[in-house]
Amino acid sequence: MSERRVAVKIAYLGKLFSGSQIQPGLYTVEGQVVSDLLTTGDGRPEEWFDLKVSSRTDAGVNSYGNVIVFNTAFNDNESLLRALNAVSKNVFYLAIANVDKDFNPRYADSRTYLYRITCKDADIGRMRECAEIFRGRHDFKRFCKYDGKPTETELTSVRVLESENGIFLEFKSRYFLWNMIRRISSAIIEVGRGRAEVSDVKEVLDGREGNFGLGQADALTLTEVTYNTIEFVEYGSEPLRNRSERLFESARMETEFYGHMCRY
């Protein structure tokens with residue numbers, strides 16, 4: 001088997017992890033992926049895989065489509081995903097693409113997040129009016145957790161979506177700042193609930209001191225990371241389906257339990 005490099009789309013439930021990045025003594029997404037690679041890697045050391053991750057997610061944040069890149073000795077992509085899904089505990093390996101050795105997953109062309117609105121008393125019209133002021137290029141220093149990086153970036157799209165599954169805020173950009181979406185979401189919700197005005201939020205976006213809170217982590221999901229130069233291929237497999245079905249049944253039983261408790 002010859003060495004090559006691949007990009008893989010992964011999904012995970014954020015509440016099971018202490019974030020995506022490896023942290024000593026904590027259970028993280030990267031830690032689980034490294035464990036899976038070591039299990040399927042025919043005795044190769046951790047450093048050989050040279051694992052890279054597209055997007056950092058905080059503890060509690062979910063993913064349908066984060067992207068990881070690593071070296072593999074598997075010649076067949078379908079067999080690789082089958083093997084990883086067979087051994088993994090809480091990470092789902094969904095799709096794969098061959099990439100060059102110098103491919104950097106951090107340089108995505110677009111990232112999309114959804115934030116689920118859990119409150120029931122929000123005015124959708126006011127939320128849409130507030131969401132619009134964030135679109136475009138701004139300095140988001142009041143709407144992020146500063147980590148030394150530049151705080152100016154561009155939101156290409158901010159939308160309030162209604163569907164049979166609920167109400168969501170959708171955000172699209174090439175990259176996001178730390179806690180940026182959760183802080184913006186909290187501001188939009190505060191306006192929707194009548195606790196703040198759009199003008200208040202705009203003044204803070206323009207530089208005035210202010211804070212509208214931090215949205216809950218488990219309401220946020222990274223849904224897609226796209227690259228114009230590569231095309232991912234999905235491979236369904238028995239290990240993936242069996243694990244998904246088992247966990248779905250477990251989640252449905254939990255939902256039924258809490259639905260019953262809500263009657264009291």
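A residue counts as buried when its relative accessible area is under 20%. Cys 130 has a relative accessible area of 0%, so Cys 130 is buried. The model described here is predicted. Its chain has 264 residues, and 45% of them count as buried. The secondary structure comes to seven helices and 11 strands. The chain is as compact as a globular protein of that length, because its radius of gyration of 20 Å is close to the 18 Å from the globule rule.

**Overall build**

- Along its principal axes, the C-alpha trace spans about 60 × 50 × 35 Å.
- Take the contacts between residues at least 6 apart in sequence: 74% of them join residues at least 24 apart.

**Surface and charge**

- The chain carries 36 positive and 39 negative charges.

**Cysteines**

- How many disulfides does a search of the whole structure find? The count is zero.
- A disulfide needs two cysteine sulfur atoms within 2.5 Å.
- Cys 144 is in no disulfide either. Its nearest cysteine sulfur belongs to Cys 130, at 17 Å.
- Is Cys 144 buried or exposed? Cys 144 counts as buried, because its relative accessibility is 9%.

**Positive phi in the loops**

- Most residues other than glycine have a negative phi.
- Asp 42 has a positive phi, near 55°, and is not a glycine. Asp 42 sits in the loop between helix H1 (29–40) and helix H2 (46–49).
- Asp 42 has 62% relative accessibility, so Asp 42 counts as exposed.
- Asp 50 also has a positive phi, of about 50°, without being a glycine.
- Where does Asp 50 lie? Asp 50 is in the loop between H2 and strand E2 (52–53).
- Asp 50 is partly exposed, because its relative accessible area is 35%. Partly exposed covers the range between the buried limit, under 20%, and the exposed limit, over 50%.

Key: Residues are numbered from 1 along each chain as its sequence is written. This is a predicted model: local features need pLDDT of at least 70, side-chain atom pairs count only at pLDDT 80 or more; totals for chains, interfaces and linings use all residues. Side-chain values use heavy atoms; hydrogens and water are left out. Buried means under 20% relative accessible area, exposed over 50%, partly exposed in between (1.4 Å probe, protein chains only). Helices (H or I, at least four residues) and strands (E, at least two) are DSSP runs, numbered from the N terminus. The radius of gyration is taken over C-alpha atoms; the globule rule is 2.2 Å times the number of residues to the power 0.38. Contact means heavy atoms within 4.5 Å. Lys and Arg count as positive and Asp and Glu as negative; His and the chain ends are not counted. The place of a charge is taken as NZ of Lys, CZ of Arg, CG of Asp or CD of Glu.
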